[in-house]
Amino acid sequence: MVLRGQPDEDAVLCTQSKTYAMKFVGTSNSVLLVPPANHSEYYENQLKNDSNSDEEKVVAPVLKVVSGNMELIETAPRLDKLKSLLSEKPYKLEEDDMGNLEENQESRIGLYNWNYLVDNIQASDKELLSGLQALSALEINGYWRLVDESYMDMILGMLLKNAVLNDWSLNALNEDEVVSTLESDGFPGVLARHCLNVYGNRVNECMPSFVWKLDEKRVCIHFARDILKGGKRKLESFMDEWKQKIPDGMHPTFDLVEGEVLTERLGVETWVRAFSVASLPSTPAERFSILFRERPKWEWKDLQPYIR
């Protein structure tokens, strides 16, 4: 167990897998802390004096008066800071030389390794690792990085083009073949594998070479976000472009982007815009504050994806 937190934060206690908030609870009665009988100075003095008086009162020194105790309450890991740190310097296309970090001190500014994150994020090791996975972060040269969205779009786009050229099934992508092909297109192997991990799922763990299946929801969300980066769109226009971008065999439906977009009626037309649950803080009070600044009134079906 370890206590984690900076001087300006409320400390939490972390085990390997859980995080606990700490709260001081006062008691009506004071508790006196005394040492064990055979460890007190009085006991040692009695031995020296060789006193055999049975009538002599037993006394013990009071080390501390305790007016309460610390109560532990299991709490969610505080991971908002993690996204903020990793967003300082996402990995971009320009960083084609992945081996220069150790030689260039300035290039390491804004980069954070595992030990730094453990010391600065209030979460257990297991929860921290889950948080990194949820953000689609990967470790490059010892530093945990987010990959720039435009770069990920390039890698995924090239993977889909190669799937058409080489007649690959999107439900059975051979990892070695995909990585080798993307490397020949100029992408680092670690990012080619990362692309499979972000947008796909392994379908055979036991074979010598892993086989991946692209996840329909993740791919559809990626292209929906890409379309809405330029601002809100008419629903019909958005759906038409979305269907054109999605690879054959996948079926974009509006329920796939639940928690990613909001719709609003302007006259007779319906508009859609990006509003991702991933952008909201994890603290309930802060999340509700942002939600109701966004909309004074919510229908339950619209609100539910942002609070469950």
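Figure 1. The model shown here is predicted. Arginine 218 forms a salt bridge with aspartate 215. The closest N and O atoms of arginine 218 and aspartate 215 are 4.0 Å apart.

**Figure 2. A salt bridge between arginine 225 and glutamate 260.** In this pair, the closest N and O atoms are 3.0 Å apart. The two residues link distant parts of the chain, 35 residues apart. Arginine 225 sits in helix α8 (residues 216-228), whereas glutamate 260 sits in the loop between α9 (235-245) and β11 (261-266). Arginine 225 has a relative accessibility of 40% and counts as partly exposed. Glutamate 260 has a relative accessible area of 11%, so it counts as buried, the limit for buried being under 20%.

**Figure 3. A salt bridge between arginine 295 and aspartate 302.** Are these two residues, arginine 295 and aspartate 302, buried or exposed? Both arginine 295 and aspartate 302 are buried. Their closest N and O atoms are 3.4 Å apart.

**Figure 4. A network of salt bridges.** Which residues are linked in this network of salt bridges? The linked residues are Lys232, Glu264, Arg273 and Glu294. For the structure as a whole, the number of salt bridges is 17.

Terms used
Residues are numbered from 1 along each chain as its sequence is written. This is a predicted model: local features need pLDDT of at least 70, side-chain atom pairs count only at pLDDT 80 or more; totals for chains, interfaces and linings use all residues. Side-chain values use heavy atoms; hydrogens and water are left out. A salt bridge is a side-chain nitrogen of Lys or Arg within 4 Å of a carboxyl oxygen of Asp or Glu. Helices (H or I, at least four residues) and strands (E, at least two) are DSSP runs, numbered from the N terminus. Buried means under 20% relative accessible area, exposed over 50%, partly exposed in between (1.4 Å probe, protein chains only).
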